[in-house]
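Hello,

Here is the structure I promised to pass on to you. Have a look at it first, and then read my notes below alongside it.

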Amino acid sequence: MAEKLQPGSINGELTASGLRFGIVVSRFNSFITDRLLAAAVDALDRAGAANEDVDVIRVPGAFELPLAAKKLAAAGRYDALVAIGCILRGETAHYDYVCSETARGLQLAQMDTGLPIIFCVLTCDTLEQAIDRAGLKGGNKGFEAGLAAVEMAQLSRKLRGATPGTSASKIPSSSRKTRRK
Ligand code: INI
């Protein structure tokens, strides 16, 4: 009987040495965003990033994250960015506009520039929900975002040159893990 197909795999390693990261952080709700930032920096540190390869850029609120991220991406200095914010629901529709435009703007910036931009923007109904996700019950989303930045930076390096719909043979064979039959 024919052996089962065993596909090769392409993954981004969690090794940050030699990679550059920009972290864009909103000052709004800094009680939360400072905790997310500390955890993102901790993740990059543990993955081996160097001091001089990590920059922190502050913006007033989440709504300003996309433009800053797009300009940083265009600068060509970074291998990945992390966008950190915390949007808390209020009494008006303001929350909805800030949430949707922040998410849309960051995704557009990522797709327009091709640079990974990790979405670390909490969108919560209550402060308690945000606290849970910034170091309490829900872990710390900043740490997850830091690791995601490393993984996506590494993966992007491997996928460079591969365009959608083209043969995977354009991906260097050194990037692919293939199981021998
Ligand atoms: N910005 C946030 O980052 N979080 C919020 O919860 C928030 N709320 O609720 O208003 C918020 N508003 C400010 C917004 O991001 C812009 O900075 C402001 O509108 C100026 O463009």
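Just after helix α2, G76 takes a positive phi of about 75°. Helices here are DSSP runs of H or I with at least four residues, strands are DSSP runs of E with at least two, and both are numbered from the N terminus. Please keep in mind that this is a predicted model, in which local features need pLDDT of at least 70 and side-chain atom pairs count only at pLDDT 80 or more, while totals for chains, interfaces and linings use all residues. Residues are numbered from 1 along each chain as its sequence is written.

N29 also has a positive phi, of about 55°, although N29 is not a glycine. Most residues other than glycine have a negative phi. You will find N29 in the loop between β1 and α1. N29 counts as buried because it has 20 C-beta neighbours inside 10 Å. The cut-offs are these: a residue is buried with 20 or more other C-beta atoms within 10 Å of its own, exposed with 12 or fewer, and partly exposed in between, with C-beta atoms placed from the backbone.

Back to α2: its buried residues are L65, P66, A68, A69, K70, L72 and A73. What covers them includes β1, β2, β3, α3 and β4.

Now for the whole chain. It has five helices and six strands, and from the N terminus on they run β-α-β-α-β-α-β-α-β-β-α. Of the 181 residues, 39% count as buried. Among contacts between residues at least 6 apart in sequence, 78% join residues at least 24 apart. A contact means that the C-beta atoms of two residues, placed from the backbone, lie within 7 Å.

How far can you trust the model? The mean pLDDT (the predictor's confidence in each residue, from 0 to 100) is 92, and 88% of the residues reach 70 or more. Over residues 165–169 the pLDDT is below 50, and this stretch has one contact in the model beyond near neighbours in sequence. Where pLDDT is low, the predicted coordinates should not be read in detail.

Next, the core. In soluble globular proteins, nonpolar side chains tend to be buried together. A nonpolar core is a set of buried Ala, Val, Leu, Ile, Met, Phe, Trp, Tyr and Cys residues joined through C-beta atoms within 7 Å. The largest one here has 49 residues, of which V24, A40, A69, L81, V82, A83 and I118 touch the most other members. The elements that give two or more residues to this core are β1 (21–26), α1 (30–46), β2 (54–59), α2 (65–75), β3 (80–88), α3 (94–113), β4 (117–124) and α5 (141–159). Leaving out residues up to four places away in sequence, I118 touches A80, L81, V82, A83, A145, A148, A149 and M152.

α5 has 19 residues and reaches 26 Å from its first C-alpha to its last, close to the 27 Å expected at 1.5 Å a residue; that expected span is 1.5 Å times one less than the number of residues. Among the buried residues of α5 are F143, A145, A148, A149 and M152.

L122 lies in strand β4 and counts as buried because it has 23 C-beta neighbours inside 10 Å. Its C-alpha is 8.1 Å from that of L88, 34 residues away along the chain. Not counting residues up to four places away in sequence, L122 touches I32, C86, I87, A130, R133 and K141.

Is each of them buried or exposed? Q110 is buried, because 22 other C-beta atoms lie within 10 Å, while Q107 is partly exposed because it has 13.

Happy exploring!
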